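Here are my notes for you to read beside the sequence and the model. They are set out as numbered points, so that you can find each place in turn.

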Amino acid sequence: MRSKIEEYEAVEKAAMKFVKSVAEGDSTYAKELFIDEAVLFGYLDGELEHGSIEQFYNNVDTVSAGDNFNARIDVLLLEETLAVVRVLEEGWGGRIDFTDALLLLKMDGEWKCVAKAYNQNSDTIN
């Protein structure tokens, strides 16, 4: 059964915490979204990042998104307690484009992110 539009909006609102953190260079908002045990996987400038979501927080807090940063959220899958969100990022740090996949679970009535995997567009790798 397809979820109601208001549930898609709730997932998008949750994912906006991720985008807001990246855009503002402040992990505070993302920390509201991710559970403490959340994991991260992806390649940043050709180097594998994997493990604790704390690595993402460190990246966000130490690199400014830049004036030309732009992002888009797409809710790709939504079931009763599971959502998959794609976030397209352009111009992070003034040069990097990412595609992020966020895996969210509805926990105690709230959408929380349990995993983030990402791809850095190859034409933005240093």
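**Notes on the core, its rings and a buried glutamine**

1. Begin at Gln-120, whose side chain reaches the backbone nitrogen of Asp-45 at 2.6 Å. Please keep in mind throughout that this is a predicted model.

2. Gln-120 itself is found in strand S6, which covers residues 110-120. Is Gln-120 buried or exposed? Its relative accessible area is 5%, and because residues under 20% count as buried, Gln-120 is buried. Leaving aside neighbours within four places in sequence, Gln-120 is in contact with Tyr-43, Leu-44 and Asp-45, with Arg-95, Ile-96, Asp-97 and Phe-98, and with Ile-125.

3. Turn next to the largest nonpolar core, which has 34 residues. The members that touch the most other members are Phe-18, Phe-34, Phe-56, Val-85, Trp-92, Leu-102 and Leu-104. At least two residues of this core come from each of helix H1 (5-24), helix H2 (28-33), strand S1 (34-44), helix H3 (54-62), strand S3 (70-78), strand S4 (82-92), strand S5 (96-107) and strand S6. Which element supplies the largest share of the core? Helix H1 does, with six residues.

4. The structure holds seven aromatic pairs. One of them joins Phe-18 and Phe-56, which are stacked, with 5.2 Å from centre to centre and 15° between the planes. This pair links distant parts of the chain, since Phe-18 belongs to helix H1 and Phe-56 to helix H3, 38 residues apart. Both partners are buried, with a relative accessible area of 0% for Phe-18 and 5% for Phe-56.

5. Compare this with Phe-34 and Tyr-57, an aromatic pair that is edge-to-face, with centres 6.3 Å apart and 75° between the planes. Because Phe-34 lies in strand S1 and Tyr-57 in helix H3, the pair ties together parts that are 23 residues apart in sequence. Phe-34 and Tyr-57 are both buried. Ring pairs link Phe-18, Phe-34, Phe-56 and Tyr-57 into a cluster.

6. Lys-31 lies over the face of Tyr-57, at 5.3 Å from the ring centre, while the charged end of Lys-20 sits over the ring of Tyr-29, 4.8 Å from its centre.

7. Finally, consider Ile-73, which has its place in strand S3. Ile-73 counts as buried because its relative accessibility is 14%, and the cut-off is under 20%. How many residues apart along the chain are Ile-73 and Val-11? They are 62 residues apart, yet their C-alpha atoms are separated by 9.8 Å. Not counting residues up to four places away in sequence, Ile-73 touches Glu-12, Ala-15, Met-16 and Val-19, and also Val-85, Arg-86 and Val-87.

Methods: Residues are numbered from 1 along each chain as its sequence is written. This is a predicted model: local features need pLDDT of at least 70, side-chain atom pairs count only at pLDDT 80 or more; totals for chains, interfaces and linings use all residues. Side-chain values use heavy atoms; hydrogens and water are left out. Helices (H or I, at least four residues) and strands (E, at least two) are DSSP runs, numbered from the N terminus. Buried means under 20% relative accessible area, exposed over 50%, partly exposed in between (1.4 Å probe, protein chains only). A polar contact is a pair of N or O atoms within 3.5 Å; within protein, one must be able to donate a hydrogen and the other to accept it, and residues adjacent in sequence count only if both atoms are side-chain atoms. Contact means heavy atoms within 4.5 Å. A nonpolar core is a set of buried Ala, Val, Leu, Ile, Met, Phe, Trp, Tyr and Cys residues joined through side-chain atoms within 4.5 Å. Rings of Phe, Tyr and Trp (its six-membered ring) pair if their centres lie within 6.5 Å; planes under 30 degrees apart count as stacked, over 60 as edge-to-face and the rest as tilted. A charge sits over a ring if NZ of Lys or CZ of Arg is within 6 Å of the ring centre and within 35 degrees of the ring normal.
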